Amino acid sequence: MELTLEQRLTRREARDEVQNLMGKYVFCRMGGDVESAASLFAERDDVEIMMPMGVYTGKDAARRCFVMDHGVDASAPGAMTIHDISTPVIEVAGDCRTAKGVWISPGIATATLPNGKKKGLWAWLRYKCDFICENGAWKIWHMQYLKEIDRPCGSPWVGERKTYETIEAFA
C-alpha cells in the first residue's frame, strides 16, 4: 500500500517529535530536572520502566523511578553525568498513534563512593522505548534501559559487554 503525501508527512513529523521527546528526556535526566523528565511519560496504568535497579509500572511509574528513587543531584560538587543519545531507529505505526524506538547512549558519569570520594565511570547503555500520542502530544509509554558498559574509568571493559536481541527485536 502506497502512502499519500499527507500520510508520509504525518509519519515524518511523528518521528521528529519522538526523537525530540527522547532528547528532552536525556537533557532533563542528565541535568537533574527529574520532575520534567517524569512529565514526559504517559499517564496510563500500563506505563512501564525497566531499569537495572528495578521495574516501575503504573501511572506514577516515572515519578517513583526518577523523582523518588533515582534522582540526580546535578548541583553537587563533582557531580557530572553526560549521556548523549545516538543512532536513532524510530518506527511509527501506520495509524500514527504509537511508535517504537531504540538508541545507543554512550556516556560518562561520576559516582559517590561510600567514603564520600568521587569515582569516574564509563556508562554506555541502550534505550528501547514505546511511545504513544496522548491528546495530540507524544509521550514515553514503555522504556527499557539496558546497560552495555558500567565500569570505573581506567578499568578494562573487556568481557563486560552483554548480548542483546537483533535490531528487529527492538523495533
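The expected span of a helix is 1.5 Å times one less than its number of residues. Keep that handy for the first stop, and remember as you click around that this is a predicted model.

**Stop 1: helix α1.** Select residues 5–31. These 27 residues of α1 should span 39 Å at 1.5 Å a residue, and the end C-alpha atoms are 39 Å apart, so the two agree. Now colour the buried residues of α1: Ala14, Val18, Leu21, Met22, Tyr25, Val26, Cys28, Arg29 and Met30. An α-helix has 3.6 residues a turn, so residues three or four places apart point the same way.

**Stop 2: the aromatic pairs.** The count here comes to six aromatic pairs. Start with Tyr25 and Tyr127, an edge-to-face pair at 5.7 Å centre to centre with 90° between the planes. Tyr25 sits in helix α1 and Tyr127 in strand β7 (residues 118–134), so the pair ties together parts that are 102 residues apart in sequence. Both Tyr25 and Tyr127 are buried.

Next, pick Trp103 and Phe131. They're edge-to-face too, with 5.9 Å centre to centre and 80° between the planes. This pair links distant parts of the chain, with Trp103 in strand β5 (residues 98–105) and Phe131 in strand β7, 28 residues apart. Trp103 counts as buried because its relative accessibility is 2%, and Phe131 is buried at 0%.

How values were computed: Residues are numbered from 1 along each chain as its sequence is written. This is a predicted model: local features need pLDDT of at least 70, side-chain atom pairs count only at pLDDT 80 or more; totals for chains, interfaces and linings use all residues. Side-chain values use heavy atoms; hydrogens and water are left out. Helices (H or I, at least four residues) and strands (E, at least two) are DSSP runs, numbered from the N terminus. Buried means under 20% relative accessible area, exposed over 50%, partly exposed in between (1.4 Å probe, protein chains only). Rings of Phe, Tyr and Trp (its six-membered ring) pair if their centres lie within 6.5 Å; planes under 30 degrees apart count as stacked, over 60 as edge-to-face and the rest as tilted.
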